[in-house]
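Please have a look at it first.

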Amino acid sequence: MDKSIGILDKDYASWVKELVKRYRSSQIKAAVKVNNEMLRFYWELGKDIKEKIAVRFILCTLEASSLYYRQMLGRF
């Protein structure tokens, strides 16, 4: 009887170690997926900001050019 309990204990310990290994593997996979999504979000955010800045720069440039040419035409 004592031997069978020892075998069960070893099987149980092995099973628990395997569970822990699978759990940690799942945690790592989840963290990688979250990191990938966060990287994608920040990449798109940077692209959006870049586009907004470009549009604002173009609008400011056009406004300045328009003001300049109105002033130049006003001189004639």
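This is a predicted model: local features need pLDDT of at least 70, side-chain atom pairs count only at pLDDT 80 or more; totals for chains, interfaces and linings use all residues.

Residues are numbered from 1 along each chain as its sequence is written, and side-chain values use heavy atoms, with hydrogens and water left out.

The structure holds two aromatic pairs, where rings of Phe, Tyr and Trp (its six-membered ring) pair if their centres lie within 6.5 Å, and planes under 30 degrees apart count as stacked, over 60 as edge-to-face and the rest as tilted. In one of them, the ring centres of tyrosine 12 and tryptophan 15 are 5.8 Å apart and the planes stand at 40 degrees, so this pair is tilted. Both residues belong to helix 1 (residues 2-74), three residues apart, about one turn of the helix. Tyrosine 12 is exposed, at 55% relative accessible area, whereas tryptophan 15, at 49%, is partly exposed; here buried means under 20%, exposed over 50% and partly exposed in between, with a 1.4 Å probe and protein chains only.

For phenylalanine 41 and tyrosine 42, the ring centres are 5.2 Å apart and the planes at 65 degrees, so the pair is edge-to-face. Phenylalanine 41 is partly exposed, at 45% relative accessibility, and tyrosine 42 is exposed, at 51%.

Lastly, methionine 38 lies in helix 1 and is partly exposed, with a relative accessible area of 38%.

Note on methods: Helices (H or I, at least four residues) and strands (E, at least two) are DSSP runs, numbered from the N terminus.
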